[in-house]
Amino acid sequence: MSSAAAGEETVRASHILIKHEGSRRKASWKDPDGRVISATTRADAAARLLDLRNQILAGQANFADLAARHSDCSSARRGGDLGTFGRRQMQKPFEDATFALKVGELSDLVDTDSGVHIILRTA
């Protein structure tokens, strides 16, 4: 991620992405051939993410640990950390959701062309 222009508002966030049959790119580090992703409905992806979100909110699991195991994004190896970004650097629904969160707050499900996400704002 490039750093945002001087003076522009920035955020730092981590996320867990679950791709599905409607995702623009049906492959990931976990599923290089896209077989699992292509067979996953949006509803299945959302249900998996809701379960992970509930585990985090209940204190039963650590966000970074779950991201490392479950996220379809290559940021999984960094515990889901996307680094710092400004406006117009992410897909609009992701950007809007992230900027609306308070630091330390976990989003509801967010749909983008990449799949379904939960986002943790970290700065």
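## Threonine 112

Threonine 112 sits in strand S3. The model is a predicted one. In it, threonine 112 has a relative accessible area of 12%. The cut-off for buried is under 20%, so threonine 112 counts as buried.

Its side chain takes part in two polar contacts described here. A polar atom of the threonine 112 side chain lies 3.0 Å from the backbone nitrogen of serine 114. The side chain of threonine 112 also meets the side chain of histidine 117, at 2.8 Å. Which residues touch threonine 112, once neighbours within four places in sequence are set aside? They are Gln91, Pro93, Phe94 and His117. Of these, Phe94 is a buried residue of H4.

## Strand S4 and its partners

S3 covers residues 110-112 and pairs with S4 through three bridges. The two strands run antiparallel. They form a hairpin, with two residues between them. Valine 110 has histidine 117 of S4 as its bridge partner. Histidine 117 is also the residue whose side chain contacts that of threonine 112.

S4 spans residues 115-121. It pairs with S1 as well, again in the antiparallel sense, over six bridges. In this pairing, serine 14 stands opposite leucine 120 of S4. How many residues of S4 are buried? Seven of the seven are, so S4 is largely enclosed by the rest of the structure. In a regular strand, side chains alternate between the two faces of the sheet.

## Helix H3

H3 runs from residue 63 to residue 70. Its buried residues are Phe63, Leu66 and Ala67. Viewed down the axis of H3, they fall within an arc of 100°, so they line one face of the helix. That face packs against strand S1 (10-18), helix H2 (42-57) and strand S4.

A side-chain oxygen of asparagine 62 comes to within 2.8 Å of the backbone nitrogen of alanine 64.

## Helix H4

H4 spans residues 92-100. It holds the buried residues Phe94, Glu95, Ala97, Thr98 and Phe99. Their cover includes S1, S2, S3 and S4. One of these residues, Phe94, is in contact with threonine 112. Another, glutamate 95, has a relative accessibility of 5%. Glutamate 95 also has a charged partner, taken up next.

## Salt bridges

Side chains of opposite charge can pair when their charged atoms come close. The model has eight salt bridges.

Arginine 87 takes part in two of them. One is with glutamate 9, at 3.9 Å from N to O. Arginine 87 lies in the loop between strand S2 (81-86) and helix H4, and glutamate 9 in the segment before S1, so this pair ties together parts that are 78 residues apart in sequence. The other is with glutamate 95, where the closest N and O atoms are 3.2 Å apart. Glutamate 95 is buried.

Arginine 42 pairs with aspartate 111, and their closest N and O atoms are 2.6 Å apart. Arginine 42 belongs to helix H2 and aspartate 111 to strand S3, so the bridge ties together parts that are 69 residues apart in sequence. Arginine 42 is partly exposed, with a relative accessible area of 35%. Aspartate 111 is partly exposed as well, at 37%.

## The whole chain

The protein chain has four helices and four strands. From the N terminus, their order is β-α-α-α-β-α-β-β. The radius of gyration is 14 Å, close to the 14 Å that the globule rule gives for 123 residues, so the chain is as compact as a globular protein of that length. Along its principal axes, the C-alpha trace spans about 45 × 30 × 25 Å.

Buried residues make up 47% of the 123 residues. Contacts also reach across the sequence. Among those between residues at least 6 apart, 60% join residues at least 24 apart.

Terms used: Residues are numbered from 1 along each chain as its sequence is written. This is a predicted model: local features need pLDDT of at least 70, side-chain atom pairs count only at pLDDT 80 or more; totals for chains, interfaces and linings use all residues. Side-chain values use heavy atoms; hydrogens and water are left out. Buried means under 20% relative accessible area, exposed over 50%, partly exposed in between (1.4 Å probe, protein chains only). The arc is that of the directions from the helix axis to the C-beta atoms. Contact means heavy atoms within 4.5 Å. A polar contact is a pair of N or O atoms within 3.5 Å; within protein, one must be able to donate a hydrogen and the other to accept it, and residues adjacent in sequence count only if both atoms are side-chain atoms. Two strands pair if DSSP finds at least two bridges between them. A salt bridge is a side-chain nitrogen of Lys or Arg within 4 Å of a carboxyl oxygen of Asp or Glu. The radius of gyration is taken over C-alpha atoms; the globule rule is 2.2 Å times the number of residues to the power 0.38.
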